[in-house]
Amino acid sequence: MLWDNVVGHSAVCLSLKNSVEQDRVHHAYLFTGPSGVGKFIVARTLAASMLCPEGGCGECNVCRRVMQEKHPDVRVIRPAGKNIPVETVREVRMDAFMKPSEGARKVYIFKGAERMWEEGASTLLKVLEEPPGDVVFILVTANPAGVLPTIRSRCQEVSFANVPLEQLKTYIMERKGISEERADLVVRLTGGVLGRALDWCDEQWRLARRDNVIKAARALKRAELNDVLQMASELYREVRAPVEELSATYQQRKRDLEDGSLDAGVVRRLSKDLDEALSRERVKEETRGVEEIMTTLSWWYRDILVMKEGGDPGLLVNRDLTGEIEEEAEVIPTRRLLDSIDLLAGGILAAERNVPVQLNLESTLLGLQEALYA
Amino acid sequence: MIVSCDREKLNSLVQTALRGVSSRVTMPILSGLLINAESGELVASSTDLEMSIRTRVEASVKESGSTVVSGKLLGDIMKSLPPGEVTVESGEKYLVVRSTGGEYRIKELMPEDFPQIPVWSGDASFKVQGGSFISAIHQTSRASSSDEKRPVLTGSLIEKNLESSGVRMVATDSYRLAWKDVEVSGSVAEWEDCIIPTKTLNEVARLAGGSDADVETKMQDKQAMFRIGTMVVTSRLIEGQFPNYKQLIPKGEKTTVVLAKEDLVAVVRRAMIFGHNIRFGVYSDHLRLTTETPEVGDSKEEIAAEVSGEEMEIGFNAGYLLDGVLAVDTEKIEMRFDDPQKPALIKDFESEEFKYIIMPVRLR
Ligand SMILES: [Zn+2]
């Protein structure tokens with residue numbers, strides 16, 4: 001069963017599963033919770049369980065196509081650029097008034113559902129106010145406050161919490177075949193967000209990057225201006241690397257389209273879609289890279305603070321670096337640590353507001369140097 | 001799958017199925033044609049998720065099977081092959097087309113990804129003579145809306161009419177409404193009243209065009225199906241409540257006008273050149289149509305007509321008026337009015353089969 005593949009969220013899954021079995025499915029759901037926690041997987045699983053004759057067996061052609069986004073009665077809507085365009089919402093409304101193609105129901109999953117301008121949101125609201133009989137909307141968002149209250153009030157809200165650390169740890173140990181120590185580290189570093197924890201297991205460089213970031217932070221003490229700028233540009237390269245990798249993946253997907261099974265017109269159109277998706281993903285990955293660097297630094301200073309205040313060593317996130325943490329705790333005053341953590345919060349905000357990455361990194365590192373050692 | 005068939009027949013099969021492939025689709029699989037070979041038949045299917053086409057031809061099937069390939073590529077090669085027998089064989093990765101001269105390989109897509117298309121089973125619920133079905137679509141579809149804000153109005157209602165044992169086709173965009181009663185053979189009892197996208201009906205009319213074949217119709221798996229010869233067109237239905245059109249029909253008790261359709265068409269066409277809205281004057285023995293566009297020009301034309309009842313002046317959108325007049329199926333046209341502020345009725349002369357209701361516009 002597909003429900004069994006979902007990690008954590010057992011209460012949420014059980015209640016959704018029951019409502020499908022007892023035919024008490026709502027017209028609209030709002031899935032809320034931190035990004036990467038597994039909302040979208042549950043959304044797809046819910047869709048499959050409604051359409052699959054076996055309630056989401058995970059084996060049949062219906063389940064396969066739903067999970068691969070190939071089923072005509074399940075549509076996933078994502079922001080194009082920053083927002084979900086109003087045209088897309090209009091198309092959905094039109095489509096919602098058509099009976100399903102194959103199954104008994106039609107499902108629309110909106111990712112980043114808060115990212116709609118007023119016109120798009122009010123169009124969606126109109127559909128939610130008088131939903132066609134066999135349609136289910138699943139709005140997925142990490143930021144429910146950004147969703148129009150009138151839309152929210154039409155939805156059954158389902159909130160997703162981070163998977164409990166112990167459960168997540170056991171899961172990634174089994175799934176990824178890694179040691180308990182390592183699983184523990186990954187879970188702590190990713191704050192218990194499932195999607196991120198899995199990424200950290202698959203992408204070894206993320207851990208290497210943490211090491212580099214901390215090394216740079218420790219070197220700030222004795223760095224000249226030029227050294228700091230140099231560090232910033234090295235970190236910038238670290239952020240760029242996965243973005244380049246992403247471009248390569250998309251190039252490959254574009255080449256795959258040209259395997260000859262599709263005619264040139266279709267290939268052109270799909271390539272264009274891929275280009276748009278890539279530019280969207282690039283921005284996202286870049287922002288995420290900066291956020292991760294800033295977060296790594298925040299945890300680092302927080303660990304030093306915990307050590308300094310005589311906290312339980314079990315509370316440390318970078319537990320593998322206890323020696324280094326002790327050394328720093330000896331020399332940096334509490335006030336300065338707190339200022340640094342504040343400053344990093346500002347850096348994360350700047351990343352979300354699309355401040356150029358290199359500029360953001362430079363000013364953060366210089367700011368940290370000032371706050372810690374001036 | 002190994003199957004052979006005459007090039008001419010194969011090409012027409014593929015070209016027909018291609019009519020169901022949309023250029024706007026987002027799923028790559030929908031640019032493909034599903035090809036099935038089974039029990040002496042080759043079947044080609046296409047869908048854009050709103051409408052699907054399934055068409056078949058007799059063929060010699062040496063090995064049954066199915067595959068999906070790019071519709072455009074298959075169509076292009078079929079069009080260009082020389083006459084004679086063509087063999088089509090699907091292997092692991094490629095569909096191989098062999099003709100006298102050459103061998104052409106088309107990369108296959110995954111048939112499992114292709115959406116399910118309902119297969120016609122059992123008897124039709126009713127049958128309509130092809131020509132009358134096509135003209136009913138032409139007469140009503142212009143009144144349908146293309147505004148996605150009201151999805152229901154982008155469809156046409158097909159409703160059973162138990163009194164006449166026929167069906168009624170109704171379309172409206174809320175500015176005008178067209179209805180047509182269609183005679184059918186067979187029973188309409190099984191038919192479920194439904195709203196079919198007008199776009200699909202227009203396509204059915206195009207596909208049925210040129211042949212005098214009957215159009216057989218039925219409802220299956222919550223979809224409407226139309227069978228024309230060896231081809232089946234399936235349409236998804238629009239959900240929702242169609243406006244209660246019967247309430248809108250004007251009584252038309254105050255004034256009645258009768259005149260030759262062709263004459264009125266010509267006058268309206270000339271008047272349209274000078275304005276979007278027509279001042280439509282009805283007098284004891286003639287009509288006077290005037291239009292104007294300030295600072296551009298104006299028109300005034302009179303035309304004789306049999307008028308009974310009160311004289312009046314009423315405003316119409318010229319395009320909507322023309323659509324209605326053109327849709328009339330008789331040589332003479334009948335118009336009925338109640339009040340300049342109320343909808344007017346345009347209909348076939350001495351017949352109740354076709355009715356067109358048009359809302360008046362305010363005149364300055
Ligand atoms: Zn299944």
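Leaving aside its neighbours within four places in sequence, which residues is B:Lys72 in contact with? Please set the answer in the context of the chain around it.

Analyst: The model is predicted. Apart from neighbours within four places in sequence, B:Lys72 is in contact with A:Asp263, A:Gly265 and B:Ser31. The list therefore holds residues of chain A as well as one of chain B, given that contact means C-beta atoms within 7 Å.

B:Lys72 itself sits in helix H2 of chain B. B:Lys72 counts as partly exposed because it has 19 C-beta neighbours inside 10 Å, and a residue is called buried at 20 or more. B:Glu50 is 22 residues away from B:Lys72 along the chain, and the C-alpha atoms of the two are separated by 19 Å.

The next step out is the contact between the chains. On the chain B side 26 residues take part, and they touch 22 residues of chain A. Two elements of chain B, helix H2 (71-80) and strand S9 (103-109), each supply at least two residues to this side. S9(B) gives the most, with three residues. By class, the chain B side has 11 nonpolar, five polar and 10 charged residues.

Next comes chain B as a whole. Six helices and 26 strands are found in chain B. Along the principal axes, its C-alpha atoms fill a box of roughly 75 × 50 × 35 Å. Of the 364 residues in chain B, 44% are buried. Among contacts in chain B with a separation of 6 or more, 68% are between residues 24 or more positions apart. The domain assignment divides chain B into domain 1 (2-113), domain 2 (126-246) and domain 3 (249-358). The C-alpha centres of domain 1 and domain 3 of chain B are 51 Å apart.

Elsewhere in chain B, two helices pack against each other. Helix H3 (residues 130-141) and helix H4 (residues 198-208) of chain B have axes that come within 9 Å and cross at roughly 145 degrees. The crossing of H3(B) with H4(B) is left-handed. From H3(B), the residues in the contact are B:Gly130, B:Phe133, B:Ile134, B:Ile137, B:His138 and B:Ser141, and they meet B:Thr198, B:Leu201, B:Asn202, B:Ala205 and B:Ala208 of H4(B). This contact has six nonpolar, five polar and no charged residues.

One loop residue of chain B also deserves a mention. B:Glu295 lies between strand S20 (286-293) and strand S21 (297-304) of chain B. Its phi is positive, about 65 degrees, although B:Glu295 is not a glycine. Most residues other than glycine have a negative phi. B:Glu295 counts as exposed because it has 5 C-beta neighbours inside 10 Å.

A:His9 is placed in the segment before helix H1 (10-21) of chain A. A:His9 is buried because 23 other C-beta atoms lie within 10 Å.

A pair of helices in chain A can be described as well. Helix H7 (residues 165-176) and helix H9 (residues 194-202) of chain A pack at an angle of about 35 degrees, their axes 11 Å apart. The crossing of H7(A) and H9(A) is right-handed. A:Leu168, A:Ile172 and A:Lys176 of H7(A) make the contact with A:Leu194, A:Ala197, A:Leu198 and A:Cys201 of H9(A). By class, that contact has six nonpolar, no polar and one charged residues.

In soluble globular proteins, nonpolar side chains tend to be buried together. The largest nonpolar core in this model has 147 residues, and A:Ala47, A:Ile138 and A:Leu139 have the most contacts inside it. Helix H2 (residues 39-51) of chain A gives the most to this core, with seven residues. Not counting residues up to four places away in sequence, A:Ala47 touches A:Val66, A:Val74, A:Val107 and A:Ile109. Another core, of 43 residues, lies apart from the largest one, and A:Ala183, A:Val193, A:Tyr301 and A:Ile304 are among its members.

How values were computed: Residues are numbered from 1 along each chain as its sequence is written. Chains are lettered from A and ligands numbered from 1 in the order in which they are written. This is a predicted model: local features need pLDDT of at least 70, side-chain atom pairs count only at pLDDT 80 or more; totals for chains, interfaces and linings use all residues. Domain bounds come from an automatic or database domain assignment. Two residues are in contact if their C-beta atoms, placed from the backbone, lie within 7 Å. Helices (H or I, at least four residues) and strands (E, at least two) are DSSP runs, numbered from the N terminus. Ala, Val, Leu, Ile, Met, Phe, Trp, Tyr, Cys and Pro count as nonpolar, Asp, Glu, Lys and Arg as charged, and the others, Gly among them, as polar. A nonpolar core is a set of buried Ala, Val, Leu, Ile, Met, Phe, Trp, Tyr and Cys residues joined through C-beta atoms within 7 Å. A residue is buried if 20 or more other C-beta atoms lie within 10 Å of its own, exposed if 12 or fewer, and partly exposed in between; C-beta atoms are placed from the backbone. Axes are lines fitted to C-alpha atoms, for helices over the stretch in contact, and angles run from 0 to 180 degrees between N-to-C directions. A crossing is left-handed if the near helix is turned anticlockwise from the far one by less than a right angle, and right-handed if clockwise.
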